[in-house]
Amino acid sequence: TRTGLLDLPRQAHATWGLIRTAAFSRDPVMERQARRSLRYLQGLVRLSVDGGCWLEGGGSSPSIAELAFMLLSLCHLPDGDPALSLAPTLAETLWSQIDLHGRMATLLHPKTDADSYQDYFPGQALLALGVAALAGHADVREDKLQAAFRYYRHRYRYRRDWGQVAWQMQAWAAWWWVLRKPEFARFVFEIADWVMSHQLEKSGAIVNGHLPEGQGFTAGLYLEGLAAAAGVAREMGDGRRSRKLEAACRAGFRYLDRLVLQDRDRILLPEAGQALGGVRESEFMSRIRLDYVGHALSAVLNFISALGLSERLRDGEPSSVEPQPKNNHEYHE
């Protein structure tokens, strides 16, 4: 990564992706790069007068987004790592941003806190708190958590936006693993059902209206959430729902495969070594951004985790999960 060239939320998101992938692959080169990126973020940490902390740099107002992704990054470090000493402070800062109604203040300077941030940043923060609580790096504040749950469930139902769905699914799936509350699982499945209703049966793409042709790399974002939902359904023993979600994920990954630059595309690439693995914006657009790749990779890692395949895939063992048929009538009821 070329530190300093991205805005802080995207830099922190990329760091989380690197550290998470390094922890899965145990690749020493990737681990060095991930550590380098994490050190850059650590150098931006500034303590606030109320005892919290923020990341300051890049010219934009400090937000809970980069705090969330930094906390998520720390949760993939081994126990006893010195960097983990920052995790409780990050978590406490995120908890402090939830008001009595459950709404999260997304920026350090509230006057610039746009309502559109509510569709992204709070879900990211709640995901980080859930993962940190599960790892033992954050306290559980059930009063604040329940308030946030009510607030963002209401927002999803009455002010729905595609920006909410991936993060809210992942957040409440994480909190289901912590507290096993049925209402969290029901909300995750409610969102998942809505997302799957927009998935094309023929291609596996998920149509959201953001791109001119209505489909593209954003499928990776929604697959992150669908995979998290599949993990919850499988753990709950809900075979019908888990099969439905897993089939939707497989269809979505078949679509994403068409956007990923691979050996088959070498003839079209002047610098194939630098481009392979990139995720194109859509089938008809060639632009590639780091966050496109990051979301697709995160979706794959979520799905591997949901199916309990991490150790077997890392050790090179074949998967015992049966392949799904190419026509996915099962999840279109």
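Trainee: Is Glu92 buried, partly exposed or exposed?
Mentor: Glu92 is partly exposed, at a relative accessible area of 36%. Buried here means under 20% relative accessible area, exposed over 50%, and partly exposed in between, with a 1.4 Å probe and protein chains only. Bear in mind that this is a predicted model: local features need pLDDT of at least 70 and side-chain atom pairs pLDDT 80 or more, while totals for chains, interfaces and linings use all residues. Residues are numbered from 1 along each chain as its sequence is written, and side-chain values use heavy atoms, without hydrogens and water.

Trainee: What does Glu92 meet in a salt bridge?
Mentor: The side chain of Arg141, at 2.5 Å from N to O. A salt bridge is a side-chain nitrogen of Lys or Arg within 4 Å of a carboxyl oxygen of Asp or Glu. The two residues are 49 apart and link distant parts of the chain, with Glu92 in helix α4 and Arg141 in the loop between α5 and α6. Helices (H or I, at least four residues) and strands (E, at least two) are DSSP runs, numbered from the N terminus. Arg141 is partly exposed as well, at 24%.

Trainee: Which residues of α4 are buried?
Mentor: In α4, residues 87-96, they are Ala87, Leu90, Ala91, Thr93, Leu94 and Trp95. An α-helix has 3.6 residues a turn, so residues three or four places apart point the same way.

Trainee: And what covers those buried residues?
Mentor: The cover includes strand β2 and helices α3, α5, α6 and α7.

Trainee: Back to charges. How many salt bridges are there in the structure?
Mentor: There are 20. One of them joins Asp193 and Lys244, with the closest N and O atoms 3.6 Å apart. That pair also links distant parts of the chain, from helix α8 (182-196) to helix α10 (239-259), 51 residues apart. Asp193 is partly exposed at 31%, whereas Lys244 counts as buried at 10%.

Trainee: Which residues are linked in a network of salt bridges?
Mentor: Asp7, Arg10, Arg289 and Asp291. Within that group, the side chains of Asp291 and Arg289 meet at 2.6 Å, N to O. Asp291 counts as buried at 13%, and Arg289 as partly exposed at 29%.

Trainee: What about Arg20, does it sit in a helix or a strand?
Mentor: Arg20 lies in helix α1, residues 8-25. Arg20 is buried but has no salt bridge, and the nearest side chain of opposite charge is Glu224, 5.5 Å away. For charge, Lys and Arg count as positive, Asp and Glu as negative; His and the chain ends are not counted.

Trainee: So what is Arg20 in contact with?
Mentor: Leaving aside neighbours within four places in sequence, Arg20 is in contact (heavy atoms within 4.5 Å) with His76, Ser298, Leu301 and Asn302.

Trainee: New topic: which members of the largest nonpolar core touch the most others?
Mentor: Trp172, Val195 and Leu226, out of 98 residues. Such a core is a set of buried Ala, Val, Leu, Ile, Met, Phe, Trp, Tyr and Cys residues joined through side-chain atoms within 4.5 Å. Beyond neighbours within four places in sequence, the contacts of Val195 are Trp162, Val165, Met169, Ile206, Tyr222 and Leu226.
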